[in-house]
Amino acid sequence: LPPVMFTKEEASSFVAAEKLMQEYVDKSLGNYHESAMLKIKSVLRGSEKDWITAIESQITVSPSQQLFNKNLPDALEIIFESIAEHKQFFLKYHSLNSETPSERFIEAVGLFHENNAWYLLGYCLYRNDYRQFRTDRMLSIKRTEIPFTKIHGNLEDHLAKTKAYEKTKVVIRVDKTVAHYISSSKKQNGFISERIVGNQIEMTFMSSHLEDGFARWYIMFADYAEIVEPEILKTRLKVIMKNATERL
C-alpha cells in the first residue's frame, strides 16, 4: 500500500476517538481499537506524532455510569458477529423489573447508545418478539452456530416503530436561572421546543412516560418551575409529594 499521510488535525481526531473507545466500549473491542491505533501511529510523520504526544495526556473521558458488565469483556464482539453472520447467541439477562435473571436465545438486529447507556435491539426466541436489552444488565453471553430464523431489516425502522406509541404533550415553564442545569437531560424526556416567556423558558415535550419518568424528573427542579399542561401531571406530582411527605 502507498504511504498514508495525515494532517495534525486528523491525527488529533484519533486521540479523541481513542479516549472515547477506552470508556464507551467493552474491553475486547477497546483492545482491538488500541491495536489499530498503534498501526496508525506508526505511519505518522514526526510532527504529527509530536502533536499527538502533546495532547493525548491532556484529554480524559469519564462516563457517568458503568456501560458493560466487566465480567463480559467480549459482549460487543459477540453481538457484532451475530449481526454480521446472522447467527443467534445465548443471553443470560437480569431485567430491572424482574427479581431473577432469564435465559434466552437472541438474534441481534442492532446496537444504539441512548440516555447514557448501550442498548441491544434483538429478536428474542423466548418471547417470539423484538426486545431491547441494556448491555450493563447482561450476565452471560455465548456464541452459537444456530442461524437466524428470519430477516430482521433495518435498525432505524424498528426504533421508529418502538417510539411510535402514544405520547402526552407537556408544557412547563422553568426559571432562567436553573434552565441550563437541565439542558443535558431534557432530550431523553421528549423535549420538542422552547421559547422565552419573561424570566422563564417555556419548554414543550412529548412524553411517553408521563406519570413516573417525567414526573420524577420534574421534581428535581420543581421549586423553580410550573406546569402549564396537562392537569394529569399536576395530579400525579401531588400524589408523589404527599407520599414523600408521609415518609419524612
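Is the crossing of H1 and H3 right-handed or left-handed? In this predicted model, local features need pLDDT of at least 70 and side-chain atom pairs count only at pLDDT 80 or more, while totals for chains, interfaces and linings use all residues. Residues are numbered from 1 along each chain as its sequence is written, and side-chain values use heavy atoms, without hydrogens and water.

The crossing of H1 and H3 is right-handed (the near helix is turned clockwise from the far one by less than a right angle). Helices are DSSP runs of H or I with at least four residues, numbered from the N terminus. H1 covers residues 8–24 and H3 residues 46–56; their axes lie 9 Å apart and form an angle of about 40°. Axes are lines fitted to C-alpha atoms over the stretch in contact, and angles run from 0 to 180 degrees between N-to-C directions. H1 is therefore oblique to H3 (angles under 35 degrees count as roughly parallel, over 145 as roughly antiparallel, 65 to 115 as roughly perpendicular and the rest as oblique). In the contact (heavy atoms within 4.5 Å), H1 contributes Lys8, Ala11, Ser12, Val15, Glu18 and Lys19, and H3 contributes Glu48, Trp51, Ile52, Ile55 and Glu56.

Helix H7 (residues 210–219) packs against helix H8 (residues 231–246) at about 70°, with axes 10 Å apart. The two helices are therefore roughly perpendicular to each other, and H7 passes H8 in a right-handed crossing. Residues of H7 including Leu210, Phe214 and Tyr218 meet residues of H8, among them Ile232, Leu237 and Met241.
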